[in-house]
Amino acid sequence: MMNELETLYTLRPQLVQLPKIHDPRGNLTFVQSGKEVPFAIRRAYWIYDVPAGEERGGHSHREMAQLLVAVGGSFNVNISDGHNWRTYTLNRPFEGLFIPPGIWRTLDNFSSGAVCLSLVSNDYTEDDYIRDYEKFRAEAISRKPRI
Ligand code: TYD
C-alpha cells in the first residue's frame, strides 16, 4: 500500500476545471479538499502587486501539494520534473493548476493587477523547500518523468 505522500509523487501536474456557478449578479467558483484537489487544504496564501518583469517561486517542495489559481489577471507557471519543462498560462478564475510535491516551479509574466491564490496541503516550513535547482534536479532525475 502506498502512503499519501507516495501517492502524491505518482501524480502529474495538471489543470483542474473548478465548478463555476453562473449568475447574472456575478459568477462564483469554489474548491473542496479531496474533490477538486487530491489533498486536504491546510493553508492559503496569495501573491499580488508583482512589479512588471519580476519572478516568484524558484523552488520545489518535498511534501507540499498545491493548487494555483489566477483569481485576477494572468501569469505564467513554468514547471519542471527534472526531466522536462512546461509552461502554463493561468488567466481564468475557474481553472487551477495542481502541482504535486517534487516539482520545480517559477512564476513570471504577471499582468498588472494579477493575483495568484495558492491553496496548499501543509503548514509553512522552510525545511520543505528545495531552493537550489541543481540540487532539485539531482534528486528528481532518479524519479519517473511526470511532465
Ligand atoms: P516563498 O514561498 O519563497 O515565495 P514564492 O511564492 O515566490 O515561492 O515565500 C516568500 C517568503 O514568505 C519566505 O521568506 C517565507 C515567507 N512565507 C511565510 O512566512 N508563510 C507562508 O505561508 C509562505 C507561502 C511564505
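Modeller: Before we start, one definition: two strands are said to pair when DSSP finds at least two bridges between them. Please also keep in mind that this is a predicted model.

Biologist: Thanks! How many bridges pair β4 and β11?
Modeller: Two bridges would be enough for a pair. Within this pair, I47 stands opposite C116 in β11. The strands run in the antiparallel sense, and the number of bridges between β4 and β11 is 5.

Biologist: Which residue in β11 does A70 stand opposite?
Modeller: Let's go to another partner of β11: strand β6 pairs with it in the antiparallel sense over 6 bridges. L67 stands opposite L119 in β11. For A70, the residue opposite in β11 is C116.

Biologist: Is strand β6 mostly covered or mostly open, and how many of its 7 residues are buried?
Modeller: A residue counts as buried when its relative accessible area is under 20%. Strand β6 covers residues 66-72, and by that cut-off it is mostly covered. The number of buried residues among its 7 is 6.

Biologist: In β9, what is the bridge partner of Q66?
Modeller: Strand β9 spans residues 95-99 and runs antiparallel to β6. The two are joined by 4 bridges. One of the residues to look for is Q66, and its bridge partner in β9 is I99.

Biologist: Which are the edge strands of the open sheet?
Modeller: Follow the sheet across: its 5 strands come in the order β8-β7-β10-β5-β12, with antiparallel pairing. An edge strand here pairs on one side only.

Biologist: Which residue in β10 does H59 stand opposite?
Modeller: Start from strand β5, residues 56-61, and strand β10, residues 104-108. They pair in the antiparallel sense over 3 bridges. In that pair, the residue in β10 opposite H59 is R105.

Biologist: How far is an oxygen atom of the ligand from an N or O atom in the side chain of H59?
Modeller: The ligand is surrounded by R43, Y45, I47, R56, G57, H59, Y124, Y129 and R131. Among them, R56 has a side-chain N or O atom 2.8 Å from a ligand oxygen, and R131 has a polar side-chain atom 3.0 Å from one. For H59, the distance is 2.5 Å.

Biologist: What share of the ligand's accessible area does the protein cover?
Modeller: R131 brings a polar side-chain atom to 3.0 Å from an oxygen of the ligand. On its own, the ligand has 520 Å² of accessible area. The share that the protein covers is 63%.

Biologist: And which elements give two or more residues to the shell around the ligand?
Modeller: That shell includes R43, Y45, R56 and G57. Checking which elements supply two or more residues gives us β4 and β5.

Biologist: Which loop holds D49, a residue with a positive phi though it is not a glycine?
Modeller: The phi of D49 is about 55 degrees. D49 has a relative accessible area of 66%, so it counts as exposed. Its place is the loop between β4 and β5.

Biologist: What is the phi of N109, which is not a glycine either?
Modeller: Look in the loop between β10 and β11 (115-120) to find N109. At 55% relative accessibility, N109 counts as exposed. Its phi is positive, at about 60 degrees.

Biologist: How many residues apart in sequence are the parts that D123 and R42 tie together?
Modeller: Side chains of opposite charge can pair when their charged atoms come close. The side chains of D123 and R42 meet in a salt bridge, with 2.7 Å from N to O. D123 is in the loop between β11 and β12, while R42 is in the loop between β3 and β4, so the separation in sequence is 81 residues.

Biologist: Is E95 buried or exposed?
Modeller: E95 meets R92 in a salt bridge of 3.3 Å, N to O. R92 has a relative accessible area of 40%, so it is partly exposed. The relative accessibility of E95 is 6%, so E95 counts as buried.

Terms used: Residues numbered from 1 in each chain as written. Predicted model: local features only at pLDDT ≥ 70, side-chain atom pairs only at ≥ 80, totals over all residues. Heavy atoms only, no water. Near = heavy atom within 4 Å. Polar contact = N/O pair within 3.5 Å; in protein donor to acceptor, adjacent residues only side chain to side chain. Areas by Shrake-Rupley, 256 points an atom, 1.4 Å probe, with all protein chains shown as cover. Buried < 20%, exposed > 50% of the residue type's maximum accessible area, 1.4 Å probe, protein only. Salt bridge = Lys/Arg side-chain N within 4 Å of Asp/Glu carboxyl O.
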